[in-house]
Amino acid sequence: MLLQLAERLEKITFDKLDKKTAKKTKIAIMNYIGGSLPGADAGVTAAEKAMWESFCTTGSCVVIGHRYRTSAPAAAAVNAAMGQVFLQEDCHEKTLSHPGVIVIPVALALGQAMRASGRKFIEAVVAGYEGQGRIGIGLIRPGFPQNGLRPASFVGPFGAASAAAKMLGLDAAGIRDAVSVAGNTAAGVMEFSISGTEDICIQNCYSAKNGMMAAIEAKHGLRGAPSILEGRFGLGIALNDVRCDWSSLADDDDYVIDDTFIKIYPGCGHVLPTAQAAVALVKKHKIKAEDVKRVVVGTKPGGKAFPGCDNKGPFAGTISAMMSHQFMAASAIVTGNVDIAAIKRFADPEINALAERIFVEVDDEVTAAGHEKSGGRLTVEKNDGTVLTDYQEDTVPQSDEGVRQRLAVNGREYFSESRIEKIIDTVERLEELDDINDLADLLEPDK
């Protein structure tokens, strides 16, 4: 069964990709760079980098935003760490995962080491999204995260292994073995959503480096169980206690990367509609926190039950803040927006006091919209009896121009304006590059 997916990955070539898929891949790469930069100096990034340095790891691969080069696994892991510090990544809703922050750093680092072309880089990224998404569709069943298992971390190693195996040029049997071996490392829990700690990012590190190492081991002859997904003692039954539907491995439909979207706001996907509604209400009505008696967030059952989403605080860190409906609404009302500057105010007394007056409920209309819509409702009751409501039919994705702007804004601390323009231009003409290092070299600071 896994071989069918591997055969699909083996056949991916740039020349056969639709123009929309190639463009979507470039935008995903650009967003990964721009969304990662605010985390380049984060504690979790420094810790992962220091860990590799303690092993005297060396190499030629770039760590984004640093004047520092290291081995491909180390660069992939450190870059994966910074990718999710402020949750500005892309989303694949069917698997509750974020392929870009794992797949792209793996393909970039290994591509640098191999001096791969831009076309090969694109092919590896598309393959990574395919491996992570198609396995995730079968593995991540309704209710999967409610006992604390994190979907994104369980499917991440498959994306990393698929991207690495594609970059290494493995045939279908080799890709199958790489993905199977990586499946033995699938892990991750969601206690960070309450504690506010950054181990969510370390889960990305493990997915990236474990998937890459699995592919390298497969290249050198290591075999993995062909039935690791559907077997009696495979992941499907082990994690869900039932047999899963693995038809997604063989479906011949659009590429997974075409089914992803990029976040506008820094936050968990489940709370983005709340952020949208809150910002819309604040802009329209100029709401002040001291005038608010009570706020109700209307969401789907999953949006209320997902770990950390129904959390009134007090918020222990930026991660727990970005997971919370209450913080999204309170932050927008107090600061006027939900952005990185607002997220860094997770301990603000006014935000925390307002969060205590915000309640999350399952909304029948939001729920009835079905899986195709991920909207929400926000109702603000003011002290004078006025009631203000905003309904968001669906999550609004970041635009392509918004992605470019994100890179420009977040890159100012590290790059000159001319360097930023060159990074964007180089990504947009990626298929013309004979060596991906022409892009990677630009990701070292010039300021």
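The questions and answers below take up these topics in turn.

Analyst: This is a predicted model, in which local features need pLDDT of at least 70 and side-chain atom pairs count only at pLDDT 80 or more, while totals for chains, interfaces and linings use all residues. Residues are numbered from 1 along each chain as its sequence is written, and side-chain values use heavy atoms, with hydrogens and water left out.

User: Which strands stand at the edges of the open sheet of four strands, each with a single partner strand?

Analyst: Helices (H or I, at least four residues) and strands (E, at least two) are DSSP runs, numbered from the N terminus. Two strands pair if DSSP finds at least two bridges between them, and the open sheet has the order β6-β5-β7-β8 with mixed pairing. One side of each edge strand is left without a neighbour in the sheet, because each has a single partner strand; these are β6 (358-362) and β8 (387-392).

User: Which residue of β7 stands opposite V295?

Analyst: Strands β5 (residues 292-299) and β7 (residues 376-382) pair in the antiparallel sense over six bridges. Within β7, the residue opposite V295 is V380.

User: What angle does the direction of helix α12 make with that of β8?

Analyst: Axes are lines fitted to C-alpha atoms, for helices over the stretch in contact, and angles run from 0 to 180 degrees between N-to-C directions. The twist of the sheet averages 15° from one strand to the next. Helix α12 (residues 272-285) packs on the sheet and touches β5, β7 and β8, contact meaning heavy atoms within 4.5 Å. The angle between the directions of α12 and β8 is about 135°.

User: At what angle to β6 does α15 run?

Analyst: Helix α15 covers residues 325-335. It lies across β5, β6 and β7. Its angle to β6 is about 130°.

User: Why is the pair of F144 and F154 edge-to-face?

Analyst: The structure holds three aromatic pairs. Rings of Phe, Tyr and Trp (its six-membered ring) pair if their centres lie within 6.5 Å, with planes under 30 degrees apart counted as stacked, over 60 as edge-to-face and the rest as tilted. The centres of F144 and F154 are 5.6 Å apart, and the pair is edge-to-face because the planes stand at 80°.

User: How many residues apart in sequence are the parts that F144 and F154 tie together?

Analyst: F144 is buried, and so is F154. F144 lies in the loop between α6 and α7 (151-168), whereas F154 is in helix α7, so the pair ties together parts whose separation in sequence is 10 residues.

User: How far from the centre of the ring of F359 is the charged end of K312?

Analyst: A charge sits over a ring if NZ of Lys or CZ of Arg is within 6 Å of the ring centre and within 35 degrees of the ring normal. The charged end of K209 sits over the ring of Y206, 4.4 Å from its centre. For K312 over F359, the distance is 3.6 Å.

User: Is L87 buried or exposed?

Analyst: L87 is found in the loop between α4 (72-82) and β3 (90-91). Its phi is near 50°, a positive value in a residue other than glycine. Because its relative accessibility is 3%, L87 counts as buried.

User: What separates the C-alpha atoms of E413 and G65?

Analyst: E413 lies in the loop between α19 (400-411) and α20 (417-428), and is exposed, with a relative accessible area of 57%. Leaving aside its neighbours within four places in sequence, E413 is in contact with D41 and K447. E413 and G65 are 348 residues apart along the chain, and their C-alpha atoms are separated by 9.0 Å.

Terms used
Buried means under 20% relative accessible area, exposed over 50%, partly exposed in between (1.4 Å probe, protein chains only).
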